[in-house]
Amino acid sequence: MVFRYPNGHPMPYDGTMKQKMQAKEKTTTFANRGMRFEEAINASNDYYLNRGQAVIHKKPTPVQIVHVDYPRRSAAVIKEAYFKEASTTDYNGVYQGRYLDFEAKETKNKTSFPLKNFHEHQIIHMRNCLKQNGICFVLLWFSTLERCFFLDSHQLIHYWDSQHTAKKSLSLSLIEEIGIEIQPKIAPRIPYLDAVSHYLQEKEKI
């Protein structure tokens, strides 16, 4: 292939451009398409909703607005606000008659997922959901590795409770063992309902 400058003259070719283009093709993945993990989950929720598979939404964060400026009649600028209360988990909804409730977290670590990424009030909320037989879990995204896992909240809570006498993080090898890996794709971006279905199937065998 001959590459040309805008004026039509041929561009010198030494193979470097071809190598760069091949490298770019290889690294074009879910993570660098300009879509963050949360956005990918939101897009997946829209995909599921549009196809009647599930009704899952991101929970709104309760915010108290204190001061608003009106630079002009048609616009308003929030100058001061604060969170009214601690948030619980990121998402909830209904899937095949079951209540789903889950949190999405990510880390740049390559070998473990720090438990400090979770908060006490989130753990309490998960416990309460599990008491009502809700399907509660977390989606863990290793951004550097571009790997995603489904982890049942029972497992998370177990290691959360043990962190004072054990490790304060979940190793990648442990997550690979007790979690369900989710392969990101085009649509839905994060097919986490596949993992939920697999989890429910395994749960029914017990």
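Glu 202 and Lys 205 stand three residues apart in helix H6, so about one helical turn separates them. The model is a predicted one. In it, the side chains of Glu 202 and Lys 205 form a salt bridge, with an N to O distance of 3.2 Å.

**Salt bridges**

- The structure holds nine salt bridges.
- Salt bridges with shared partners join Glu 38, Lys 58 and Asp 90 into one network.
- Arg 147 and Glu 181 are paired through their side chains at 2.8 Å, N to O.
- Glu 181 is partly exposed, at 33% relative accessibility.
- Another salt bridge pairs the side chains of Glu 39 and Arg 36 at 3.6 Å, N to O. Glu 39 is partly exposed at 32% relative accessibility, and Arg 36 is also partly exposed, with a relative accessible area of 48%.

**Helix H2**

- Helix H2 spans residues 37-50, which makes 14 residues. From first C-alpha to last it reaches 20 Å, close to the 20 Å expected at 1.5 Å a residue.
- Phe 37, Ala 40, Ile 41, Ser 44, Asn 45 and Tyr 48 are the buried residues of H2. Viewed down the helix axis, they fall within an arc of 145 degrees, so they line one face of H2.
- The cover over these buried residues includes strands S1 (55-58), S4 (91-95), S5 (98-107), S7 (135-142) and S8 (147-152), together with helix H6 (192-205).
- Just after H2, Gly 52 has a positive phi of about 65 degrees.

**Ser 44**

- Ser 44, in helix H2, is buried with a relative accessible area of 0%.
- A polar atom of the Ser 44 side chain lies 3.3 Å from the backbone nitrogen of Arg 189.
- Apart from neighbours within four places in sequence, Ser 44 contacts Pro 188, Arg 189, Ile 190 and Tyr 192.

**Cysteines**

- There are zero disulfides in the structure. Cys 129 is in none, and the nearest cysteine sulfur, belonging to Cys 136, is 4.8 Å away.
- Cys 129 is buried, with a relative accessible area of 9%.
- Cys 148 is buried at 0% relative accessibility.

Note on methods. Residues numbered from 1 in each chain as written. Predicted model: local features only at pLDDT ≥ 70, side-chain atom pairs only at ≥ 80, totals over all residues. Heavy atoms only, no water. Helix = DSSP H or I, 4+ residues; strand = E, 2+ residues; numbered from the N terminus. Expected span 1.5 Å × (residues − 1). Buried < 20%, exposed > 50% of the residue type's maximum accessible area, 1.4 Å probe, protein only. Arc of directions from axis to C-beta. Contact = heavy atoms within 4.5 Å. Disulfide = S-S within 2.5 Å. Polar contact = N/O pair within 3.5 Å; in protein donor to acceptor, adjacent residues only side chain to side chain. Salt bridge = Lys/Arg side-chain N within 4 Å of Asp/Glu carboxyl O.
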